[in-house]
Amino acid sequence: MKRNQKNKTYSIFTLKMTICFLLISLLSISTSVFSQTALIKASGIVKDTKGEAIIGVSVKVKGTSIGTITDVNGKFSLTEVPKNSAINFSYVGMEPQSLIITGKGELLIVMQESSVSMNEVVVVGYGSVKKSDVTGSVTSVKTEALKSIPANSIEGLLQGRAAGLQVINSSQDPGAGATVRIRGNSSLRGSNAPLIVVDGFPLGDAGDLKQINPADIVSMEVLKDASASAIYGSRGANGVIMVTTKKAKIGKTTVKISQQVTTSEFNSHLDLWRDPVLMASLNNESRINGGFPAMYIGEVSSTGVYYPSIQELSTTWKTNTRWDDIVFRNSPISNNTTVTVSSGTEKTLFNLSANYYTDQGVYINDDYSKGGYNLSVDHNIYKNVKIRFSNILSKGFRNSNGGLAYYRNPILPVYDEKGNYYLTSSQDFSHPLAITNLQKNISNMLDIITSAALEWQIVPALKLTSQINYKYGKSVGDQYFPKVYTEAGTFNNGYAKINNWEGENLVSENFLNFQKAFGKHELAAMAGFSYENYTSRSSSLAAMDFVNEALQNENMSTGNPQKNIINNGFSETKLMSGMFRLNYTFDNKYLATFTSRADGSSKFGANNKWAMFPSGAISWKAHEESFIKNLNVFDELKARFSYGVSGNQGISPYQTLSRYGTGKYYDDGAWVTTIGPGYVAGMQYIYNIWGGIPNPDLKWETTAQADLGLDMAFFKRKLRITLDVYDKETSDLLRERNLAYSSGYNKMWINDGKIQNRGFEVTIEGDILNTKDWKLSGNFIFAKNENKVVSLGNELTSGLLTDPNTGMKFEYAGNSVSMFRAYTNILAIGQPINAFYGYKTDGIVQTISEGINAGLSADLAKPGEFKYVDYNGDGIVNEKDRTIIGNPNPDFTASMGLNVSWKNIDLGIFLNGAFGQQILNTQAFNSPSNQPFRWTPDNPTNLYPSLKDGRLLNLSDWWIQDGSYLRIQNLNVGYSFNLSHKSILSKARLYLNASNLFTFTKFKGYDPEVGLDGVYWGGYPRLSKWTFGVDLTF
Amino acid sequence: MKTKIKLFALCSVLALGSCSLDEKPYGFYSESNFFKSAADADAAVDYAYATLTFLEYSRGVFYLGELPTENITPKPDESQDATDLNNWNIPSFKTNTVLQYYFTYAFIGINRANAVIQNVPTGDYDQALKNQYLGEAYFLRAWNYFNLVRVYGLVPKHNSTVQTLEQTSAPLFSNLDEMYDLILTDCKKAESLMPVYTIPKLGRADRVAAQALAAKAYLYIASAKEHNVPLYKDMKRDITVMYDSATYFAGKVINDQTTYALDSSLVNIYDVEKPKGSEHIFTMSMDRTGTVEGEYSKISKMFIPYIGGATVYLDNKNGTYSATHDGWSVYQTTTAFYASFDAADKRKTELIVDKVYDKTGVLIAAYPGKILYPFTRKYIDPSFVGDKTSTRPLLIRYSDVALIYAEASGPTSKAYGLINAIRNRAGLGNLMPGLSIVDFRKAVYKERTWELAYEGDHLYDLRRWNRVITDVPEAASITEEQAAFYPIPQAEIDLNASLR
């Protein structure tokens, strides 16, 4: 308690200091005055190595505001240039040059194309630094390579593109997001997604940045270590992804059109019953083995469906419906059109990009579309004052029709004799066509992101940036479940719903950047403060019991007025921060960075409102030392070390406050609203979990991370290697503790528990060949992360379970899987998160005596059953024989890219893989590909059990499969046209891209890329996507 | 320079716009915005009543009150927890979820009642209303503690609302006297604060309910101490005073009001359409129009056997038939209990079903035969909607109080009059006159098993008479202590710092 108060005072003090510093800096600084010397004229022409003029090169006299750009002929002319001053020439993609002007005369400047420039700048949050001066672990992703791959949002494309960045595309639904992790999971109950920041605007969790057209993104930086991410304080613990969108360049107006058309197909066959005779006979066998009467015997079942006999199926039976042909589209088409107009003068840069994107799901009528624009204008209102403005609008539409029953029984017809949809019973809720045609499930989304910023170069060394960001998001969902064919509709006699949501996010940030060199000392500092306000508002309306359902949910007042359900909610969070960064460089060899952020969040408890996140890094550019230079090996040899603390404030708002609950009670014959202490904070099975006790001490999770890195470059930077080792420990995990039952409450949020992530990352990039005609480059990325649960807090208050054999403390996590009546994953101290926990098996029981000898009893000892292992050797197989049976976390991930071009043709291939993880395949014994191999007395296999309806299954290692995979993720072929200068077109490129071309894996399901818990639920095969694209620039 | 000043001013305004980090609750109530008015207090009292209806608590009425007794057995594949209770599997009780939930919800009810008791006095509204709400809250607190003491014996003592982490760990009552002090004091406060309703209010208690509860509690102490039940035998209270007090409060119920009386019709008492009958002193209020279980009742499903999954009809013995769904066969009547009824007893002939019919009165199943066991029709709702019914546990009914009076007072003429009225209503003759006090009380005890059969009270009669070990075959080898109280849940001991 006392400690907390001290923290609080300290933090407020820090913030006050920061604010004071800012104000004093602002007030005390005045403009400098430049003295002028003899003036001369300078003019010339800028060309590239091929001798072609370059248009739009920035020409600036160093230390002054004098400058221009080259015209269409590559020419420039400056008057009144101080004699002996330096002129800087810069152009994107070219090595900048500097020239001292001594006298008159035409200059010829030949600019070299930059490969991977040492002077490249990376965005690090509230500023940018030269790549060569980065002290933390920051990986830049050039999105140029990604633009031929169609995508709704950028994250899905980042898979395998940065070491330590794990991206999982487990859903293939149109418009679906991705799961993004940087250096493993560091939270159990809070968010694990990195913070995503677009052009300085922190937008929230990475994973679904659908508002930003990937084509508008020019670069991304992944901030991985504490030194880099601590500048985002209480939101930095999961790492940060900085996104920079395209800006116009100085020069004439260009119009660029990009068009992509994509079609997709399954990359493997559907595992469906094509032979009804086999299906029916196996079904009969399974039912008989389970003690049930066989179904396919040519009789009407209890639900009124006629199931033909095997005999009939193999002779006269006609119906063999291929439901997958009905349910799936043959070749879903996606379209992606982007038109960009950009123009720039010395004073104003203008970029407008419009996008229209449609995505057809693989299920019929499962659609997504969005359209929008991104406008950005930069204008110098004064020679040292610039304003930036951007506005992004994105409007989306989704018709959800996924999850249709393509696996429906093939002996069922689509229609009955009268032409109605054929149903097996009044509670048959899986007729795919009925659902497609009669159920409504659409949503409309709107997102607006607006940013306005002012950059004021107060003096050459000091710049003030003031930025206001606003984001508005809205979605409206319309649903109708008809009286027949759907569960909700049948039970409620028609069920209509409207879901509304709107969210607003306002961020105001002000910061000063200072940069100055004093002899061998270089100093860069940033100080600023930020205020953020987020509100989210939702409502839902439901009506049921409709007389006439023609209007679906269009007029919900026509439902039974007594059965309407109304819900609404609102939440608000506020975040106030002060941040500070100091970069110091000595002699361009020794670098040090100190970063700190103070965050005050409304979500934190009253006793812990303010948090402080300091970090530091040191770096040594050894290649600048003469003894390294003399080796003539390294073009770069830079060692980095960083240590720091960042946080995760992934709590829901209002968790620190006392909270009453509401309900209803049938009071003397009428329902009345009831209110009092304790509210339903969750459910466990059908039982309520009661919360409501305030925790004024609740605070952020704290992640302390140490990172040791090495950046190397060889052979004139043609070979570049980056190595990083890290150790990341997250403590004060946000968890719910159990409360004594007699308190009248079940749980409350506390900070307790610890997780560790350790790993290393290797990135190798090489420009292998670079001749006039041939270019060949490649990269290889390797990342290993080891994740371990260190502590789960107090054993009693956490209600931890004990493994009877090892004494291991654990709790269940993930989903309860009904087929096993068990949770699949556990969080166990000393183990990686989400380890699988269950029985071991040793093949199949062949004889009853073998079963009994193995410790099995009753039905479980019979031949054809799983031979569960008596793990603790006590002679009986029971729940005490469970142990850890698998780990869904990969041992390592790796990816490799290779790009080759010959003259105008380019070819790229990208491979990505994850290795060593295991998958719980819930579908391992229910498909045509496995059931025929069942155990029978005639086929006493050790691989599969007998078919038996109603078997009580135990979760065992039999269901665990190797999930390692290597995927040919992308293959890309392009052709760029040679265009004459007279052509209206300045650039033209055609390309063909193939995604998910092939996957090497031993996994038996459709695809091994499953969620983080490693549980595979079936679904449908991975889609291979074929994209044809055209880029035209006018 | 002017521009700079303007820009600077703009930046400052943008930056320092709004700065409080206090969180304002939105969309939910707390101490800060509640308990301001009489309507608030009314909603808070109902919140406390509603605790009783949660399935975690309401199912305990029968899982604990009936299943562990000799009268009921569960179906063979009923949950492990229920089977353990039936079999008196003592080691399992510390982690039995039925016992955990019953414990938790009694305390949820206590916490909600405590909130009313603590906050209502400060409100600025009519004193009569305040008295009503306070009286109900005291009654509910006593009711929940009485449930706890009957099931677990000594439990943690909470007599104010739990608002901080520190307050979640409370020590046990030091002895039963202290615990009954609280229960009886609350009953008396409730009695003095509440009026008697002129018509019973479904789901709300009045003065009579408080008197009845006091009578129940006094009788429990008296008979338990008399029968040397562990802990009770150490109580300081005097047995005779306890019997007299029970007689006194039961007498108040019988003599001092005109709302409640014996219902002349047995079937009427259990008619879900007549929940405000003269027997209904305190009833758990549930209705089939509710949306979650608890708001509606599935008690019928627990008592009725599975008969093909269809609607069946019960003979009303007057040429009409009442529909009901069939059930899950959970609470099965033992043959011994069925056989214990007198053949002429209407509580058997009219209230226990051994034949079901179709809509037109054609017999479709009978016991023995397709009906697994004879089942009570105390919980049927002819207007059931799917699994939803309005079948309600009768928590305190007039006949219970009449029999409490009889048992407490012994063989007085008033007592004979009450027990005979109940027997006569059931179609039986008068009890043998001139019984000794011991035999008379035994006779009342027997009468209670028939009259209050299936109503969730039998275990507690067994316990206070110290008869669990002798009467329940599954409990033959347990100790007196194990018979008298269930253990406090292990998790409570683990989580309550005051108990470790």
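In which strand of chain A does Phe866(A) lie? Phe866(A) belongs to strand β47 (residues 866–868) of chain A, where strands (E, at least two residues) and helices (H or I, at least four) are DSSP runs numbered from the N terminus. The model is predicted: local features need pLDDT of at least 70, side-chain atom pairs count only at pLDDT 80 or more, and totals for chains, interfaces and linings use all residues. Residues are numbered from 1 along each chain as its sequence is written, while chains are lettered from A and ligands numbered from 1 in the order in which they are written.

Phe866(A) is buried, because 25 other C-beta atoms lie within 10 Å. A residue counts as buried if 20 or more other C-beta atoms lie within 10 Å of its own, as exposed if 12 or fewer do, and as partly exposed in between, with C-beta atoms placed from the backbone. Leaving out residues up to four places away in sequence, Phe866(A) touches Thr841(A), Ile844(A), Pro945(A), Ser956(A) and Trp958(A); contact requires C-beta atoms, placed from the backbone, within 7 Å. Between Phe866(A) and Val1010(A), 144 residues apart in sequence, the C-alpha to C-alpha distance is 26 Å.

Chain A also holds an open sheet of three strands in the order β52-β51-β55, with mixed pairing. Its edge strands, β52 (960–962) and β55 (1015–1016), each pair on one side only. Strand β51 (residues 918–921) runs antiparallel to β52(A), with three bridges between them; strands are said to pair if DSSP finds at least two bridges. Opposite Leu920(A) stands Ile960(A) of β52(A).

Elsewhere in chain A, strands β24 (residues 440–459) and β25 (residues 462–481) form an antiparallel pair over 19 bridges. A hairpin of two residues joins β24(A) to β25(A), and Trp456(A) has Leu464(A) in β25(A) as its bridge partner. β25(A) also pairs in the antiparallel sense with strand β26 (residues 495–518) of chain A, over 20 bridges. In that pairing Phe481(A) stands opposite Tyr495(A) in β26(A).

The domain assignment of chain A lists domain 1 (39–111) and domain 2 (121–248), with bounds that come from an automatic or database assignment. The C-alpha centres of these two domains of chain A are 36 Å apart.

The contact between the chains takes 62 residues from chain B and 56 residues from chain A. On the side of chain B that touches chain A, the largest share, ten residues, comes from α5(B). By class, this side of chain B has 34 nonpolar, 16 polar and twelve charged residues. Ala, Val, Leu, Ile, Met, Phe, Trp, Tyr, Cys and Pro count as nonpolar, Asp, Glu, Lys and Arg as charged, and the others, Gly among them, as polar.

Within chain B, the axes of helices α8 (residues 207–226) and α14 (residues 398–409) come within 10 Å and cross at roughly 40 degrees. Axes are lines fitted to C-alpha atoms, for helices over the stretch in contact, and angles run from 0 to 180 degrees between N-to-C directions. Among the residues that meet are Ala212(B) and Leu219(B) in α8(B) and Val401(B) and Ile404(B) in α14(B).

Asn268(B), in helix α10 (residues 266–269) of chain B, is partly exposed, because 13 other C-beta atoms lie within 10 Å. The C-alpha atoms of Asn268(B) and Lys378(B) are separated by 9.9 Å.

Technical notes: Contact = placed C-beta atoms within 7 Å.
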